[in-house]
Amino acid sequence: MGDFTIEKNRIDVVIHFSDGSKSRGELFLLPFNNYYDAHQKISDLLESEQPFVPLLIDDGNKVEFINKSQL
């Protein structure tokens, strides 16, 4: 069976939540964009229709799904 992974770029971020708390980690961005000839930007990810974004937490090796309405 073939490899079904999609390579993504990782970018270090500090997420600020609406309650004032923060979380540090990495967001995953696509190396391409469906709307123009460039890599995906953080704004593209945040403006997408998906209500959650995956964040790789710095203090461990786990991914949390962050609800964008809480940012």
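Lys22 lies in strand β2, strands being DSSP runs of E of at least two residues and helices DSSP runs of H or I of at least four, both numbered from the N terminus. In this predicted model, local features need pLDDT of at least 70 and side-chain atom pairs count only at pLDDT 80 or more, while totals for chains, interfaces and linings use all residues. Residues are numbered from 1 along each chain as its sequence is written, and side-chain values use heavy atoms, with hydrogens and water left out.

**Lys22**

- With a relative accessible area of 59%, Lys22 is exposed, where exposed means over 50% relative accessible area, buried under 20% and partly exposed in between, for a 1.4 Å probe and protein chains only.
- When residues up to four places away in sequence are not counted, Lys22 touches Val14, Ile15, His16 and Phe17, a contact being heavy atoms within 4.5 Å.
- Lys22 and Leu71 stand 49 residues apart in sequence, and their C-alpha atoms are 9.6 Å apart in space.

**Overall architecture**

- The protein has one helix and four strands, and from the N terminus on these elements follow the order β-β-α-β-β.
- Taken along the principal axes, the box filled by the C-alpha atoms is roughly 40 × 30 × 20 Å.
- Of the 71 residues of the protein, 27% count as buried, and among contacts with a separation of 6 or more, 31% are between residues 24 or more positions apart.
- The accessible surface comes to about 5600 Å², with 51% of it belonging to carbon and sulfur atoms; such areas come from the Shrake-Rupley method with a 1.4 Å probe, and for residues only the protein chains shown count as cover.

**Nonpolar core**

- The largest nonpolar core is made up of ten residues, namely Val13, Ile15, Phe17, Leu27, Leu29, Leu45, Val53, Leu55, Ile57 and Ile66, a core being a set of buried Ala, Val, Leu, Ile, Met, Phe, Trp, Tyr and Cys residues joined through side-chain atoms within 4.5 Å.
- Strands β1 (9-16), β2 and β3 (52-57) each supply at least two residues of this core, and the largest share, three residues, comes from β3.
- Leu29, found in strand β2 (residues 22-29), is buried at a relative accessible area of 6%, and beyond its neighbours within four places in sequence it is in contact with Lys8, Asn9, Ile11, Gln40, Lys41, Ile42 and Leu45.
- Leu29 and Ile57 are 28 residues apart in sequence, with 15 Å in space from C-alpha to C-alpha.
- Ile66, leaving aside its neighbours within four places in sequence, is in contact with Phe17, Pro51, Phe52, Val53, Leu55 and Leu71.

**Charges and salt bridges**

- The protein has 7 positive and 12 negative side chains, and the centres of the two sets lie 4 Å apart; Lys and Arg count as positive and Asp and Glu as negative, with His and the chain ends not counted, and each charge is placed at NZ of Lys, CZ of Arg, CG of Asp or CD of Glu.
- The structure holds two salt bridges, each defined by a side-chain nitrogen of Lys or Arg within 4 Å of a carboxyl oxygen of Asp or Glu.
- In one of them, the side chains of Glu26 and Arg10 meet at 3.3 Å, N to O; Glu26 lies in strand β2 and Arg10 in strand β1, so the pair ties together parts that are 16 residues apart in sequence.
- Glu26 counts as buried at 18% relative accessibility, whereas Arg10 counts as exposed at 55%.
- Lys62 and Glu64 also meet in a salt bridge through their side chains, at 3.5 Å, N to O; Lys62 is partly exposed at 47% relative accessible area, and Glu64 is partly exposed at 32% relative accessibility.
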